[in-house]
Every structure is written in C-alpha cells, then in structure tokens.
Amino acid sequence: MIPIHSVTSDDQSQQINSLENHPDKPEEACGVFGIYAPGEDVAKLTYFGLYALQHRGQESAGIATFEGTQVHLHKDMGLVSQVFNESILEQLPGSLAVGHNRYSTTGSSRKVNAQPAVVETRLGSLALAHNGNLVNTVQLREELLKSNFNLITTTDSEMIAYAIAEEVNAGLDWLEGSIRAFHRCQGAFSLVIATPTGVMGARDPNGIRPLVIGTLESNPVRYVLASETCALDIIGADYLRDVEPGELVWITEAGLASFQWNQQPQRKLCIFEMIYFARPDSLMHSESLYSYRMRLGRRIAEESPVDADMVFGVPDSGIPAAIGFSQTSGIPYAEGLIKNRYVGRTFIQPTQTMRESGIRMKLNPLKDVLFGKRVIIVDDSIVRGTTSRKLVKALRDAGAVEVHMRISSPPVTHPCFYGIDTDTQDQLIAATKSVAEIAKQLQVDSLAYLSWEGMLEETREDTNSFCSACFTGDYPVAIPEQVKRSKLILEKVVV
Ligand code: SF4
C-alpha cells in the first residue's frame, strides 16, 4: 500500500519539474539579496527582498543571518511565501543576512542544493548566495576534491564557497581569500556573502548578472545588495549604484569599502536581463526596463510594419513592446489575452483534453474582442515555439482572421552557459529553421523579429557592453569543449 501523505519537498520538486517541464521561455537562474543593518530586523527585510525577486527563481528559497559568530539558516523547496512564516523569521536573529531564490541550471532540483550555502572556515562560518553559472566547474571540482573537501551538493555555488574556505584556511583573511577564490572561477557570478564581520558583494569581470547596492533610509552604514532595484524599492531602500564588473564591496561597521579584484573588467551584461528576465519596474542604466521594452516595440514597428486592426502583447512580458508598437504604428492597442494572475503552481495534472488546449490554463483569449479582427501579437522572444503555436491556434479559434507576430528580440540560435536555462541548441527553433519556416510552423500570416542592432541600439548604451551570445554564438567567456558538447550542435548549424 502506498502512503498518500508521503510527499517530501524533494518529491514535490520532481513533480513540479515534470508538470512545468521547461516552460517555453528561458528561465532565470536565481535572485540574491544581502543586508548589513545592525538594529534592523534583517531576516524580515531579506524576506521581502526575496519576495520582490521571486520571478528570478521559484524552486527554493533561503536566508542565513549572523548574530555575532553564530549563523542561523533556513532554506527549503518552494516559493518565498511558502518557505517562511513569522515564527521561522523570528528564529533568524542577527545584524546581517544574505538570501537566495533558486532556479536550478546546475545541480538538480533538490533541497540539498538550496542556498545560501554555508561552510566552515578557520575564521568562522560563511554563507554564500550566487546568481550565475561557472563554466570551469569540472576543473574546480577536481581541485576541491584533491583538497579533501566533502562536496555535498551538485552546485557550482557550493564550489565557490569551498574555494573561499580553502584560501581562508590557508591563512588569508576574508577579503584576500575571496579574491584569490574568485580568480579560480570562470563564468558568470554575482555573489552576496555573509561572514561574522560583514557582508560582501562581488561580480565576475564581465558583470554578466546584475547586482546593485542600496542604502537604507539615510543611515550610511546600513547597506543592501540585490539582484535588481525592485528589491530595494520594497523595503524602502534607495538605489546607490551597481556593483561594477570585477568589483568586490565589503560592508562592515566601518562602512562600505570597494576593491577592484579583477584588473581587466569589461561590461557584458546579459541582454536578456533587459529584454525579459528582470522585472519591468527594475532600473538598469538609470531607467526602468519598461521604458526600454517599449522602445523595442517602437523599433520593430519601424523595422517590420504590418497593417492590422489591433495590437496586443503576450502577458506580461510582451505588453510594454506591444504598447510601443501601437504608439509608432498608430494601430490601436487592446487586450486580446487575459492571464490568470491568481494561481501559483499546481500539483494536479490537467486532463488530456485540457492539455491539448495547452496555454489556456494561463492565458485566455477574449473572443468578442478578437472576433473578425486582423491582430498583431507581440512577444519578447521565441525559444522552442511550442507555446507560440498553441497561442496562435487559440487566437484563430477565438475568431481572429489574420494573426501577425512580432518578436521584440532577434532569433535565439544558441544556448546560454552563464546561468540561464535556454534548452540545448537542437531544441531552439531558430537554430535550425529560417524565419519563413518558423512562420509556417507557427501558422501565422507574418512573422518578424527585431534586428540585433535594433535591440542593442535601443539600450542607448555602448552596444559592446552586453552579452548577446544566445543571438550570435559570440560568448564573452570561453566555454570549455566538454561543456559546449552538453548543449551545442557541433556540426554546422543553419541560421
Ligand atoms: S548567452 Fe544569452 S541569456 Fe546567456 S548571458 Fe548571454 S545574452 Fe544572456
């Protein structure tokens, strides 16, 4: 007899994976939050920071606080609001904290891989939260195993924590040890690290993943670190500046000290953070991403105009670009799809009939608005194309007489190795099909993608200061051959 109440967190996560198996979008790979604020309820502030960053990872959440030398840790599978409650937060006292939301790209979806990772050193505990992905984990793992570290998780984040511990145990202090360890790491890492004496924030030399600094009220010794500015807004902190590529900031009772740990930094912020991952109300380069995404819509309206009766976006991420498209084209903007915003994850599998109707669990077409109309639907990206195809069918079933699709980014032709889950290359529809072939497969009347130049020029920043490798294959950090083999089609790719 099988017990019916035996589902553990780990079992649940397996079910989540099979149920939501690779939604047809690239998936973000974690949100991080750190705070140094003696006298404040740092656990609760970290909770709300993670709550604002929930979109960056929904598999697990964790908070570690330091009360002097003692570390308090709670982490589990699930959303921030499921993992924590008032009484758990009360058991996390201290003057500084780090927190993490996880979406797994390395290491499987298991409770043991939840972060922060806590390791012991000769100077006391350290708690580390990581956003990004290392590309040299095979080499780093071998080095750490040789040094007799007992790696208990399958994450690259634990390896960074142990690399710091190894350097500290060799006699270095927190700063020197961390810098020495960062030099052993290749790839993308935005880190927040808590120790008994302070909180550290650091970015890799390319600054691939974001990390910002904020101040709490006007008190200069209360600092916050977060993946995005939306996590500062929710706790009333003011944005101070970004942590720079190759920079380490060390926040202690003496204030904030900055160290340029890498002398050859270059800016290569992930352009997908701008297009899709980060929340539209987060600031990057001093403006909201909502404004940038609207400009992308205006640009594609100029590049690929089409006549129609109405334009709308795929909720929520396609909406700003659809509004921009409408402004430039003069074609009225109207909601054509309604998203069910009131549900979380479900553990109940839909029926076969429901599964065939696919996307209607989340998105429902407005039949009376769509009936008899020529429509333009705007989305931020197409990865495999499976959801887009179901969406087009649903619009036609609702009575749309023409369906034109505009995508506010170029075709995704290459996988990501820096912390974003974009499938293997053979699953990317644009890696093996032309735009005309994709249009045919999606059964749209026309399809156009934004140009690569348009995407970068509309940032109004130096166009060289972004990673756009998933559109070009031009990876800013070299990918070791064996890692490449895990995701890339190594024969000639038709693009
Ligand atoms: S490869 Fe794509 S998703 Fe990955 S960091 Fe570069 S731009 Fe971002």
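The model is predicted, so local features need pLDDT of at least 70 and side-chain atom pairs pLDDT 80 or more, while totals for chains, interfaces and linings use all residues. Residues are numbered from 1 along each chain as its sequence is written, and side-chain values use heavy atoms, without hydrogens or water.

**Exercise 1.** Work out the strand order of the open sheet of 7 strands, and find its edges.

Step 1: strands are DSSP E runs of at least two residues, numbered from the N terminus, and two of them pair if DSSP finds at least two bridges between them.

Step 2: reading across, you get β3-β2-β4-β1-β10-β9-β11, with antiparallel pairing.

Step 3: β3 (70-77) and β11 (237-242) each pair on one side only, which makes them the edge strands.

Step 4: zoom in on β9 (residues 212-216) and β10 (residues 223-226), an antiparallel pair with 4 bridges. Here I213 sits opposite L225 in β10.

**Exercise 2.** Describe the lining of the second largest pocket.

Step 1: a pocket is an open set of points on a 1 Å grid over the protein atoms alone, where a 1.4 Å probe fits, with protein on both sides within 12 Å along at least five of seven lines; lining residues have an atom within 4 Å of a point.

Step 2: of its 20 lining residues, R203, D242, R267, L269 and H285 are the closest to the centre.

Step 3: β11 and β15 (283-284) are the elements that give two or more residues to this lining, and β11 gives the most, with 3.
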